[in-house]
Amino acid sequence: MQVNEKEFKPTIVAFCCNWCSYAGADLAGTNRLNYPADVKIIRVPCSCRVNPMFILRAFQRGADGVIMCGCHPGDCHYTTGNYYARRRMTLLFSMLDYLGIERERTRVEWVSAAEGAKFAATMNEFVETVTKLGENKRLEDLRCKEK
Amino acid sequence: MQRIGVFVCWCGSNIAATVDVEAVSEALKSEPGVVFSTNYQYMCSEAGQNMIKDAIKEHNLTGVVICSCSPRMHEATFRKTVQGAGINPYMVEIANIREQCSWIHKDKQTGTEKAIILGKAAIAKVHLNAPLTAGESPVVKRALVIGGGIAGIQTALDIAEAGFDVDIVETKPTIGGKMTQIDKTFPTLDCAACILTPKMVDCAQNEKIHIYSYSEVTAVKGFVGNFTVSIKKKARYVDTTKCTGCGVCTEKCPVKNVPNEFNLGMNNRRAIYIPFAQAVPKVATIDADYCNMLKNGKCGVCSKVCTAGAIDYKQQDEIIEEKYGAIVAATGFNPIKLDNFDEFAYSQSKDVITSLEFERLTNAAGPTSGQLLRPSDGKHPHTIVFVQCVGSRDTSGCGKPYCSKICCMYTAKHAMLTREKYPDTDVYVFYIDVRTPGKNFDEFYRRAVEDYNVHYIKGMVGKVAPRADGTLDVQASDLISNEQLHISADLVVLAAAIEPDKSARPLATMLTASMDTNDFFTEAHAKLRPVESPTAGVFLSGTCQGPKDIPETVSQASAAAAKVIGLLCKDKLTCNPCVAHSDEMLCNGCSSCEKVCPYGAITYSDKEFRMPDRTTAIRRVAAVNEAVCQGCGACTVACPSGAMDLKGFSNKQIMAEVDAICK
Amino acid sequence: MSKVTKEQVLRSSGVNVLKCMRCGKCSATCPSYDEMEYHPHQFVYMVEKGDLEPLLNSDSIYKCLSCYACVERCPRGVEPAKVVEGIRNAVLRQSGMNHIKAENIPDMLDEDLPQQAIVSAFRKYKR
Amino acid sequence: MQGKMIARAKELLQNGTVNRVIGWKAGDFAYDITPAVFSSAEELDAGFVYNDFCGANFSKYLVKESRKEGKILVFLKPCDTYSFNQLTKEHRIIRDNIYVVGVPCDGKTDGETLKLKGITGITGIKTEGDSFVVDTLYGEKTIAKADALPERCLSCKSKKHVAYDELLGEDGEVCESNRFDMVEKLEAMSSEERFAFWRGELSRCIRCNACRNVCPACTCERCVFDNDNSGIAQKAAADSFEENMFHIIRAFHVAGRCTDCGECSRVCPQNIPLHLLNRKFIKDINEFYGEFQAGEDTETRAPLNIFDTEDVEPSIVYEKGGN
């Protein structure tokens, strides 16, 4: 395992709902709004598809931060999906915090299809926060990392 | 093991400028399962697509990864491409290396590294992709229109015109709705009854249209193309097949003091009644709240005078069930109650009326036979004050936050008609803004001012106080001359805000259609799909979607009909194959998934299973109706046992992407 | 004398004047309308424009009865009476003359005057 | 109470209301009491016991038992009835096949606890006021309940039966409970301290699965941890992450469904305070979405299966202060 001493580049997984946030990310691209390449997006139909297991899995495999983006409450393509997602993530993040995992590593942000600028700004800010925290040591499967 | 082909697109220089496409296709070549990897200038071009097709045949590919623009752009294109080469369209995954990579990163090395990771994630996912086939469900070729006002009538007529059966369910004893109560229509001033009643008759006579009047929808089951609806036909105590509508009973009935709702309580009707002369169906209805025979068994006059023998005091509510392919909500509106607006003295003075009451007072079939007379003393009013925006644009909680849209125009109409018929009358209109965006609308309003001398005053009425002499003291502000006015009026007409009918909310619940905070139905898309509800197979017609005037209502009604016809024309509906499915052997039967499903797509049943220990057991298990499921995935997370999964976005697929990204 | 700012009035009154849709119902309902040089809707509009000088120098601020009819009737929840009061307070606080001092209170006590009125006036106008 | 219960069980067996009774049976030692099914008066006389060692919650047994032929009689303590309701709500047990007799409870102890307090050679136990009087080979020993009860009984949430067909003895009331005290204490710690605390606790986990097996909310046909297709299957925790992962996922799976019966902590051979994970979820749910007690009734929707448009945003986790 080699840690780059000169610059730490975090691994960030972003779950984006197909109808709003993924489109918002596309818009950020269309408008050439920069954000760090550390962010990798996974497309899901709706934020309510995001199982807490996915988030834990990401941390297990070495993610340093996980962010979930969905339509603004009330604007869900499936009318109610993000309301359920909101409860699930609130409780999960609270639990992670309770277990002593840095709460800044997790984030939920509502990004509409028109909010390319918000998407880019959110990612810039999130990457900056996670970079400051450094490598995710408290939740990581060392066995996978060494492979 | 899949045989995967990787195709990296340059998108001209859009991708190639900041991503080393050669390096990407080279790097992905060594991923497990990848048997072919290449790059090309424009993958979406015909040449690019042919390249994909050729590679599929040449290398026996089972899965395809395309590194290109957003899947929102060309996923459908490439699915078609691979289908053309004989593999299932759902064996394609797109790695978005343009919008989410080349366009946002300036450094080529960074961009290339990220593109490779995105490609790896897509490859990892394709490994777990399974061929998906879109399901089909049949379409019942019959439509239901809920509400028989002008919106419902127009929708039904247009659907019937296209050759489909259509039923109208109307809660009142007759169809026609609010438009029957209106005297004249703006901006042409033709009489509402003259243009509406022929349409009502058309409905009655069209053999494709069936009218359930005095009926309500009580339950809706099913899904697009296949709804089952329970309709309660309320007892009217008259056999509609026998009643000829002669009206003798309505003249002989001894109960004469029933407030006539058609004239908004400004005169009376009998306990057995036909709402108005042109009612459709033209049959009598007994008002059970007032009928002596039904209340205490004493009377029976109507039965005695009815030569057709149509009176049936023992009639019961009847619930029938019918199947439909599409449902149109056309539940309409009502003026709001003015209880919160004491300052206008609506409840204190008979001479303060609503605009709808004004319509009845000027209608030839109304309580005054069309003579504009004060309700209090039956005298002709010489000074009339119209107050606009009563309860509209009100965020204080007393009224409605929205603009009711129609009041400016009908108030101009009322003012103009009054001045035309009674030139000796002074007419004042208090307005905040005059909103006339419509064809010939502003011209109409200007005519009221310029040709008919209606006094339009910018300002609001603050108080209406009845005086001892029978006049009304109207205290108002004139913002332009900056003074407070006191007008001694004989009649005050309030343009009350309109609100969705109270039946809309429970109906929306039954239809699982969404509503906004004002109880208007929401559209599937505010701009691009304005007559569809987000719930598939449910369409919106008229003011149940938002305030509208008659021309707008009719055009929306026809638009909704066009959408319904488009649906009913199909013999089968193709479903989205990326839907949830339940592994019955894992299902606990706990109903969590059912509770979070926004579409009611999940049902439970007891099924017999052969268990691993060779016994049989009856277990409660979930099943997903693939025609109804829209594939959001809420159920997959609610399911504690992992029995529920989503095709195309399965737990394993998403976790494989996570793994690929985090490596 | 320091200058009274729009922000100061907005803060002390707690009113969002941008909510006004200029219907004039406040002035239509105002019982002191004829006494006032500037009317409730003008208070709202002029504060929005930042045109405070005329209001600060006008007798209108003392003509308002604080009957709150305008607050009650406003369809947008703007609360014009509070704007008037905001201006009035600004004037009173600036003048330095009309402050109530604790030692003056005994003289004010009067059988007919509710004590609560004095207490609230004291709270409002003491420095 | 034991006599009354046996008598009533016999009656119900005899009049055909039920054909089986699930109850507690004495083991080799007085304190090692195991759940058992009795199907005759003789069996009841021979083995049925009810005393201060009868802590086991029978609700989960009914998942299987209620699917068998005939009706079964079950004795439920107040806290067990919450689990019972929750399982009824989730259609995991068939209510019609069960006859519930509610029995009162003043807290149950166990042999391990008493032994730790130096009481050995146990031959019997009875309650006298606020103390247990334990018969031992070495004579009678008295121990204050406060010293002998497990945490879940000391912070008892309810002495009221929320589901029963009949009651033996008096029904109690929902208690004022201090059960969130420890959660609050943890919340007040720094992130590092909490991490250290939980590493200290969870690293002891030997993945024996006792917590899962006893949990009345964990009744899945097949657990995700045993399902190779779930993507998270694991037989044993290979590293510190998997220790965390198992317990986080387990707690999340029962969030909004956990009745806080405390069985998980009772059975943990490593004495990991697992209930503190569940209680964190319960406390959060109460604070964010309003008071909710799983199993209180069979109708109310679980908090994770419902929402309010005005729900708090996830950022509340960051905004609540502390670190």
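Two strands pair if DSSP finds at least two bridges between them. Strands themselves are DSSP runs of E with at least two residues, helices are runs of H or I with at least four, and both are numbered from the N terminus. Keep those two rules in mind.

A word on the model. It is predicted, so local features need pLDDT of at least 70, side-chain atom pairs count only at pLDDT 80 or more, and totals for chains, interfaces and linings use all residues. Residues are numbered from 1 along each chain as its sequence is written, and chains are lettered from A and ligands numbered from 1 in the order in which they are written.

Chain B, then. It has 18 helices and 34 strands. Of its 663 residues, 53% are buried. Buried means that 20 or more other C-beta atoms lie within 10 Å of the residue's own; exposed means 12 or fewer, partly exposed is in between, and the C-beta atoms are placed from the backbone. Now contacts: two residues touch if their C-beta atoms, again placed from the backbone, lie within 7 Å. Take the contacts in chain B with a separation of 6 or more: 71% of them join residues 24 or more positions apart.

On to sheets. Strands of a sheet pair through backbone hydrogen bonds, either parallel or antiparallel. In chain B, five strands make an open sheet, in the order 20-27-21-22-23, with parallel pairing. Which strands sit at the edges? Strand 20 (352–354) and strand 23 (455–458) of chain B do, each pairing on one side only. On average, neighbouring strands here are turned by 25 degrees against each other, direction ignored. That angle is taken between axes, lines fitted to C-alpha atoms (for helices, over the stretch in contact), and angles run from 0 to 180 degrees between N-to-C directions. Look at one pair inside the sheet. Strand 21 (residues 383–390) and strand 27 (residues 491–496) of chain B run parallel, joined by five bridges. There, B:Ile384 stands opposite B:Leu491 of strand 27.

The next sheet is antiparallel. It is open, has three strands, and runs 24-25-26 in chain B. Strand 24 (461–466) and strand 26 (483–489) of chain B each have a single partner strand, so one side of each lacks a neighbour in the sheet. Neighbouring strands in this sheet are turned by 20 degrees on average, direction ignored. Seven bridges hold the antiparallel pairing of strand 25 (residues 472–478) and strand 26 of chain B. One bridge links B:Val474 to B:Ile487 in strand 26.

Next, the inside. In soluble globular proteins, nonpolar side chains tend to be buried together. A nonpolar core here is a set of buried Ala, Val, Leu, Ile, Met, Phe, Trp, Tyr and Cys residues joined through C-beta atoms within 7 Å. The largest core has 298 residues, and A:Val13, B:Ala143, B:Val328 and B:Ala329 have the most contacts inside it. Helix 3 (residues 81–98) of chain A gives the largest share, ten residues. What does B:Ala143 touch? Leaving out residues up to four places away in sequence, its partners include B:Ile159, B:Phe164, B:Tyr324 and B:Leu568. A second, separate core has 55 residues, B:Ala345 and B:Phe358 among them.

B:Ala345 deserves a stop. Its phi is near 60 degrees, positive in a residue other than glycine. It lies in the loop between strand 19 (333–335) and strand 20 of chain B. Is B:Ala345 buried or exposed? It counts as buried, because it has 20 C-beta neighbours inside 10 Å. B:Asp519 also has a positive phi, about 70 degrees, and is not a glycine. B:Asp519 has 15 C-beta neighbours inside 10 Å, so it counts as partly exposed.

Two cis peptide bonds. One joins B:Phe186 and B:Pro187, with omega about -5 degrees. Another runs from B:Val280 to B:Pro281, with omega near 0 degrees.

Last, the interfaces. Chain B and chain A meet through 34 residues from each. Helix 18 (651–662) of chain B gives the largest share of the chain B side, eight residues. Chain D puts 33 residues in contact with 32 residues of chain A. On the chain D side, helix 11 gives the most, with seven residues. That side divides into 22 nonpolar, three polar and eight charged residues. For those classes, Ala, Val, Leu, Ile, Met, Phe, Trp, Tyr, Cys and Pro count as nonpolar, Asp, Glu, Lys and Arg as charged, and the others, Gly among them, as polar.
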